[in-house]
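Subject: Handover of a structure, with notes

Dear colleague,

I am passing on to you the structure shown below, and after it I set out what was found in it. Please read the notes with the sequence and the coordinates open beside you.

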Amino acid sequence: MSTTQRCESINSYIKRLLNCKIPLRDFIRHVDIAQQNIRESERHDDFISYYTEPAYPTDATLIGYLRQYGAACTRQVFHMVKLEVDLESRYNIVGREAEGTSNIFKLRKFNHQGSEYTITHSMVDNHLECSCRQFESDGIPCRHIFAVMKNLDLQHIPPTLIKRRFTVRAKEGVTDFVVPPSYQDVPQVVEMSRFGTLNSLATHMNSLAAKLDSSYNIAKDKMRELILQFQLALEQQQDPASSDIPNERSSTPRRLVRDPVIVRTKGCRDSDFSESGVQRQVGNKCGRCGVRGLYRTTCRAPMEHDSQATTQGYETASHTDAIPSTSGNNQPFPGSI
C-alpha cells in the first residue's frame with residue numbers, strides 16, 4: 001500500500017464527520033475523534049485476529065486453504081479469501097501447455113464462451129500468476145488461481161501468495177515508530193507513537209509467553225513490577241515538588257489555534273484591498289449617512305437639507321396668511337388652508 005492510498009483512505013473516512021459550515025475549533029475536534037475511532041477499530045480488529053478463530057464451513061472442498069489463511073491472515077482478509085474460494089468451482093480448465101519451467105493454464109467460466117483467463121504456474125517455487133491481476137492489485141489470490149491449485153492438487157498455499165502486510169504478524173517487525181521533526185514537541189503525537197511501539201512489542205511477547213507455564217509466570221511477575229515502577233515514576237513526574245525532574249508537560253509551550261490569515265482569493269479585485277493589504281468591507285452603502293449595511297429607507301439619520309426646506313416652507317406659508325387679499329372676494333389664500 002502506497003502513501004497516496006493511505007492518505008486517500010484516511011481522507012474518505014474523516015470527510016464523513018466534516019462539512020464546510022463547521023468552525024475551525026470543531027474541525028480540529030472532529031479530526032481528533034476520527035483518529036481515535038480509527039485506532040480503536042484497529043485494536044479491535046487486532047484482538048479478533050490474534051485471540052479468536054474464524055468459523056470454517058464443514059462442506060467446503062478447499063477447507064485446507066481456508067484454515068491456512070485463517071491462521072496466518074487477519075479476519076478481514078480471511079473473509080475476502082473465503083469469497084474467492086466459494087466461486088472457484090464455476091471455472092473449468094480448457095487448456096494446458098508446458099513452457100520451460102512453467103505451466104500455462106486456460107480457464108473459462110461455465111456456460112460463458114467469451115472470456116478466458118490465463119494462469120502461469122512456476123514449477124520452481126509453485127508461484128501462480130493470473131491474467132486478471134487481482135493478486136497484484138488487492139493482494140489476495142483470485143478464484144482462477146484457486147481452481148488451478150485444486151487441479152494441481154497442492155496441499156499447501158505457496159508462500160508467495162500470502163502478503164506479509166495482511167498477516168497477523170505484520171507489526172512484529174516494527175520496533176520503533178518515527179515521529180516527524182515538526183511534531184517532536186507535541187506531547188500527544190509523541191505519546192501515541194510510543195504507545196504504538198510498546199503495543200507491538202507487548203503483543204509479540206504475550207503471544208510467546210502464553211505458550212508455556214514457566215514463561216507465563218515470569219512475564220506476569222515482570223509486568224506487575226514494571227507497572228508499579230511506572231506508576232511511581234508518573235506520580236513523581238506530575239508533582240514537581242516531590243521530584244527534581246522537570247515537568248515536561250508544563251514546560252512545553254502550548255500551541256494556540258488562531259484564525260487563518262486572510263489572503264487574496266482568485267476572485268478578489270484590487271479595489272477590495274487597501275494599500276496596507278487589509279481587505280475592505282464590501283457591502284451596500286447608505287447614500288444619506290454613508291454607513292455600510294443601511295439603505296435610504298432604513299436610515300435613521302436626520303436629513304439637514306430636507307429639514308431646512310420644510311422649515312422654510314412653513315415660514316413662507318405663515319407670512320402669506322398675514323397679507324390681506326386684494327382680489328375683493330372672501331376666498332382664502334390657497335396656502336392658508
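**Overall picture**

Among contacts in the protein chain (heavy atoms within 4.5 Å) between residues at least 6 apart in sequence, 38% join residues at least 24 apart. Please keep in mind that this is a predicted model, in which local features need pLDDT of at least 70 and side-chain atom pairs count only at pLDDT 80 or more, while totals for chains, interfaces and linings use all residues. Residues are numbered from 1 along each chain as its sequence is written, and side-chain values use heavy atoms, with hydrogens and water left out.

The protein chain holds 10 helices and four strands, where helices (H or I, at least four residues) and strands (E, at least two) are DSSP runs numbered from the N terminus. Read from the N terminus, the order of these elements is α-α-α-α-β-β-β-β-α-α-α-α-α-α. Of the 337 residues in the protein chain, 21% are buried; buried means under 20% relative accessible area, exposed means over 50%, and partly exposed lies in between, with a 1.4 Å probe and protein chains only. The protein chain exposes about 25,400 Å², and carbon and sulfur atoms supply 54% of that area, the accessible areas coming from the Shrake-Rupley method with a 1.4 Å probe, and for residues only the protein chains shown counting as cover.

**Helix 2 and its surroundings**

Two packed helices are described by the angle between their axes and the distance between the axes. Helix 2 and helix 7 (residues 187-209) pack at an angle of about 5°, and their axes are 13 Å apart. Helix 2 is therefore roughly parallel to helix 7, a description that applies to angles under 35 degrees, whereas those over 145 count as roughly antiparallel, 65 to 115 as roughly perpendicular and the rest as oblique. The axes are lines fitted to C-alpha atoms, for helices over the stretch in contact, and angles run from 0 to 180 degrees between N-to-C directions. Where the two helices meet, Arg39, Arg43, Tyr50 and Tyr51 belong to helix 2, and Met192, Phe195, Thr203 and Asn206 belong to helix 7.

Isoleucine 28 also lies in helix 2 (residues 24-51), and it counts as partly exposed because its relative accessibility is 32%. Together with Leu24, Phe27 and Val257, Ile28 forms a nonpolar patch on the surface, with about 320 Å² of accessible area for the four together. Patches are made of residues with over 30% relative accessible area and no salt bridge, like charges being joined within 9 Å and nonpolar side chains (Val, Leu, Ile, Met, Phe, Trp, Tyr) within 5 Å.

**Salt bridges**

A search of the whole structure finds seven salt bridges, each being a side-chain nitrogen of Lys or Arg within 4 Å of a carboxyl oxygen of Asp or Glu. One of them joins the side chains of arginine 29 and aspartate 26, at 3.8 Å from N to O; these residues are three apart in helix 2, so about one helical turn separates them. Arginine 29 is partly exposed, with a relative accessible area of 45%, and aspartate 26 is partly exposed as well, at 21%.

Arginine 43 forms a salt bridge with glutamate 40, and their closest N and O atoms are 3.0 Å apart. Glutamate 116 pairs in this way with arginine 108, with 2.2 Å between the closest N and O atoms, and glutamate 116 is partly exposed at 38% relative accessibility.

**Residues in loops**

Glutamate 88 sits in the loop between helix 4 (75-87) and strand 1 (91-99), and it counts as buried because its relative accessibility is 4%. Leaving aside neighbours within four places in sequence, glutamate 88 is in contact with Leu62, Arg143, Phe146, Ala147 and Lys150.

Most residues other than glycine have a negative phi. Asparagine 111, however, has a positive phi near 65°; it lies in the loop between strand 2 (102-109) and strand 3 (116-122) and is exposed, with a relative accessible area of 63%. Arginine 133 likewise has a positive phi, of about 60°, although it is not a glycine, and its place is the loop between strand 4 (128-130) and helix 5 (134-138).
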